[in-house]
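Dear colleague,

Please find the structure below for your records. My findings follow directly after it.

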Amino acid sequence: MPTHLPIAPTASVNSTRFVSQSECNTALACGLQWFGTWNLGYRPQYPENMPQRVGSMGHAILNDRVLARYYSRDTGPIAAASIERTKRGWGEWTPELEDEFALAEGASNTLAEAIDLDSLKPIIHNGAPLAEVRLQVTWANLAAAGFGKIIDDLHRLTTAYAGIEGQPDIGLLMPHGTILGLARTCVDFKMRQRPDLGGAGEDSAIPDPQGAFYKILLAASGIAIDEFRQVNVYAGPWLCLDDFMRDDSPYVRADGLPSRDLNKLGAMVKAGVWADAWRLLVERKRVAHTQRPMKVSQKTGQPLKGQEWTPPDDWDARQFIRHLETYPTVAVRSFALDMSVCRDVVRDMLGAVDAHLAAVAKGVTPSRHLRNFPTSPCVKRFGCPVQDACRASLGTGNAERVMREQADAGALVRRADAPVGLIPARVVA
Ligand code: SF4
């Protein structure tokens, strides 16, 4: 192998490592991101952000709620969030963290009420509810369950990893509209920070990779499921009246009235709060109007016509208030999981990791998948964990070296259990 190549493959494998759906999805999305984050194990140095903390606490609170009912004990949302705080190294409780806990608890309550969580029975696995249980299935288990063809010829993957793993949020017996009785459902909770809950609503005709992966993982673990449901809940901040009334509020339009664009607001607002903001801002405009000097006729000395105060038409405002009154804060998206489709989807997911491992073994950096639309991971802040290193290496042709330099400078850290799979020797040294 030429010495100038960035990667020097070794025969090292870590056969205790299991591949997750999250790793597969990264591999499908961008080879370089997979290489940086999963193969080399780099993570940015910055701490978890607010949406991640709210999401983690929300999941812990919901998990505790299901387990508490099953074991006939009281729920402990603060205790559950506190365990998460300690586990993830967020430090002591601060006013900001307490506010985030309040968002997580509020969203969890909203979600539980929307799907009637407290009346649903969990799927029982090994004598306990299937709630945030880490499942691991070896390649041999997968083949024994009839999924051997999924990994046919994926030699690099099956050498570098021991099997597949995942931690579904929860398994529930849920009412279903099209089959009699209860559907065995794998439920995934998504805590959203924006009013747009991901366009959820209609049942999707496009298979969901996460759902497909869990269906195969659960089936190979002896748990057959009928469907996968994604339950999206708004867990972001709620605007208050002061947000609209302060000087230079970003939520007030150039004409002095409150914005009606939920995307621009970027947070939810209760109908009553927005109605009050409308009323007070209209009054503010009226007072400003009365205080400005009137133009008078030079002939008569009387005020010129057309300067009278005219209140703004409130038809749109009333429509928007009604819209806010019925705006959903929970959206459920169902995915029917046809087993033959799931096999194909999971085969593609695992194949992506195998292909990148093959590139690494040849001493080639897995390829970038640059995306330049405004919300893409390459563009959005925190959109890709190795975004800065990727950009800095453009033109040098040596992404691995740039990542290593950034790690030396403290901008990236390596996971304690990295690297996985075939390891670039220079990084290990
Ligand atoms: S910034 Fe974009 S191209 Fe670069 S590694 Fe991340 S996702 Fe891939």
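The axes of α2 and helix α13 (residues 339-361) come within 11 Å and cross at roughly 80°; axes are lines fitted to C-alpha atoms, for helices over the stretch in contact, and angles run from 0 to 180 degrees between N-to-C directions. The two helices α2 and α13 are therefore roughly perpendicular to each other, a term for angles of 65 to 115 degrees. On the α2 side the contact is made by G31, W34, F35 and N39, and on the α13 side by H356, A359 and V360 (contact: C-beta atoms, placed from the backbone, within 7 Å). By class, this contact has 4 nonpolar, 3 polar and no charged residues. Helices (H or I, at least four residues) and strands (E, at least two) are DSSP runs, numbered from the N terminus.

This is a predicted model, in which local features need pLDDT of at least 70 and side-chain atom pairs count only at pLDDT 80 or more, while totals for chains, interfaces and linings use all residues. Residues are numbered from 1 along each chain as its sequence is written.

Around the ligand lie C30, L32, Q33, R368, H369, L370, P377, C378, C384, V386, Q387 and C390, each with its C-beta atom, placed from the backbone, within 6 Å of the ligand. Two or more residues of this shell come from each of α2 (31-39) and α14 (387-393). The shell divides into 8 nonpolar, 3 polar and 1 charged.

Strand β8 (residues 170-175) pairs in the antiparallel sense with strand β3 (residues 121-122) over 2 bridges, and with strand β9 (residues 182-192) over 6 bridges; pairing requires at least two bridges found by DSSP. L173 of β8 is the bridge partner of K121, and R184 in β9 is the bridge partner of L173.

Yours sincerely

Conventions:
Nonpolar A, V, L, I, M, F, W, Y, C, P; charged D, E, K, R; others polar. Parallel < 35°, antiparallel > 145°, perpendicular 65-115°, else oblique. Contact = placed C-beta atoms within 7 Å.
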